[in-house]
Amino acid sequence: MANKRILSVSLLSADFSNLTQEIQTIEQSRVSDIWFHIDVMDGHFVPEIQFGANIVRAIRKITNLPLDIHLMVNNPDRQTEIYANAGASWLSVHVETCLHLYRTIQDIKKLHVNAGVVLNPATPFVMIEPVIDAIDMVLAMTVEPGFSNQKFIPSVLPKIRELRRLIDKSNPSVLLAVDGGINLETIDDLVAAGVDVFVAGSTVFDKGNHVVNIKALKAKTRD
Ligand code: DX5
Ligand code: ZN
């Protein structure tokens with residue numbers, strides 16, 4: 001695999017009382033191929049409310065790294081322009097929330113933002129097939145969305161391998177991403193399955209030194 005692998009650091013597990021420092025420490029570490037993953041939650045699609053557009057705007061001002069926005073909201077069509085204007089580099093919507101998925105993707109592209117589509121653990125990979133030519137990333141949830149620090153669901157692995165095959169066959173420029181329960185143990189099978197983008201929150205922030213944790217995860221993703 002020639003692609004560079006990305007670690008998308010999920011700020012859901014960062015210290016919110018010290019967010020600037022958390023972000024700048026990671027950016028200043030100069031580890032390559034790092035994004036910031038920002039979970040937007042509406043209290044409906046998932047129970048909690050997290051990371052509104054004002055926070056995304058504030059984060060955009062203090063970092064040059066890509067902002068990878070994961071919209072866990074019902075009716076994401078109402079939100080895409082707001083988050084594009086707030087500074088999203090990537091906007092990912094859940095298949096389960098989109099009545100008109102193709103149109104939603106096109107709307108994101110018109111906003112000059114990279115478009116991602118997210119699948120919950122129980123949503124089959126074939127949902128992606130009709131839109132594979134239109135998207136930039138597929139994100140397979142490896143936990144149920146809504147909370148950090150959950151246990152990786154290993155039964156999602158066969159679907160991730162199917163997604164890899166679909167991407168290689170139909171649109172190799174699409175990035176394959178995973179989100180939830182990624183740690184120094186679970187990452188190995190995901191690297192072997194050909195994942196390009198690894199979202200990790202609690203493994204980066206919960207224990208020890210954030211930069212050391214990032215380097216350890218990134219070391220695992222090298223060929
Ligand atoms: C869960 C979120 C994840 C979360 C991952 O709904 O989408 O991005 O931050 O957290 P960890 O890495 O702790 O599983
Ligand atoms: Zn997420």
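Q: Which residues coordinate the zinc ion (ligand 2)?
A: One begins with the donor atoms around the metal. In this predicted model, the zinc ion (ligand 2) is held by NE2 of His37, OD of Asp39, ND1 of His70 and OD of Asp179, at 2.1 to 2.3 Å.

Q: What is the arrangement of the donor atoms around the zinc ion (ligand 2)?
A: The angles decide: six donors count as octahedral if opposite donors are over 155 degrees apart and all others between 65 and 115. Here the 6 donor atoms subtend angles of 71 to 169°, which makes the arrangement octahedral.

Q: How are the donor residues of the zinc ion (ligand 2) spaced in sequence?
A: The spacing is written as a pattern, and for this site the pattern is H-x1-D-x30-H-x108-D. Strand E4 (residues 67–72) contains His70 and strand E8 (residues 175–179) contains Asp179, so this pair ties together parts that are 109 residues apart in sequence.

Q: Are His70 and Asp179 buried or exposed?
A: His70 is buried, and Asp179 is buried as well.

Q: How much space lies in the largest pocket, and which residues lie nearest its centre?
A: One considers the volume, then the lining. The largest pocket holds about 580 Å³ of space. Its lining comprises 36 residues, and Asn149, Gly181, Ile182, Ser202 and Thr203 lie nearest the centre. Elements that give two or more residues to this lining are strand E2 (34–42), E4, strand E9 (197–200), helix H7 (202–205) and helix H8 (210–220). By class, the lining of the largest pocket has 14 nonpolar, 15 polar and 7 charged residues.

Q: How is the second largest pocket lined?
A: The second largest pocket contains about 180 Å³ of space. It is lined by 11 residues, with Arg5, Asp33, Lys218, Thr221 and Arg222 the closest to its centre. This lining divides into 7 charged, 3 polar and 1 nonpolar residues.

Q: Why is Leu157 classed as buried?
A: The relative accessible area settles the class, and buried means under 20%. Leu157 has a relative accessible area of 7%, and is therefore buried. The residue is found in helix H5 (residues 157–170).

Q: Which residues does Leu157 touch, not counting residues up to four places away in sequence?
A: With those neighbours set aside, Leu157 touches Phe152, Asp189 and Leu190.

Q: How far apart are Leu157 and Gly52?
A: Separation can be stated along the chain and in space. Leu157 and Gly52 are 105 residues apart in sequence, and their C-alpha atoms are 31 Å apart in space.

Notes. Residues numbered from 1 in each chain as written. Chains lettered and ligands numbered in written order. Predicted model: local features only at pLDDT ≥ 70, side-chain atom pairs only at ≥ 80, totals over all residues. Heavy atoms only, no water. Helix = DSSP H or I, 4+ residues; strand = E, 2+ residues; numbered from the N terminus. Buried < 20%, exposed > 50% of the residue type's maximum accessible area, 1.4 Å probe, protein only. Contact = heavy atoms within 4.5 Å. Donors = N, O, S within 2.8 Å, 3.2 Å for Na, K, Ca; no water. Tetrahedral: all angles 85-135°; square planar, octahedral: opposite > 155°, others 65-115°. 1 Å grid on protein atoms, 1.4 Å probe; cavity = no way out; pocket = protein on both sides within 12 Å on 5 of 7 lines; lining within 4 Å. Points joined across faces, edges and corners; volume = space filled by probe spheres on them. Nonpolar A, V, L, I, M, F, W, Y, C, P; charged D, E, K, R; others polar.
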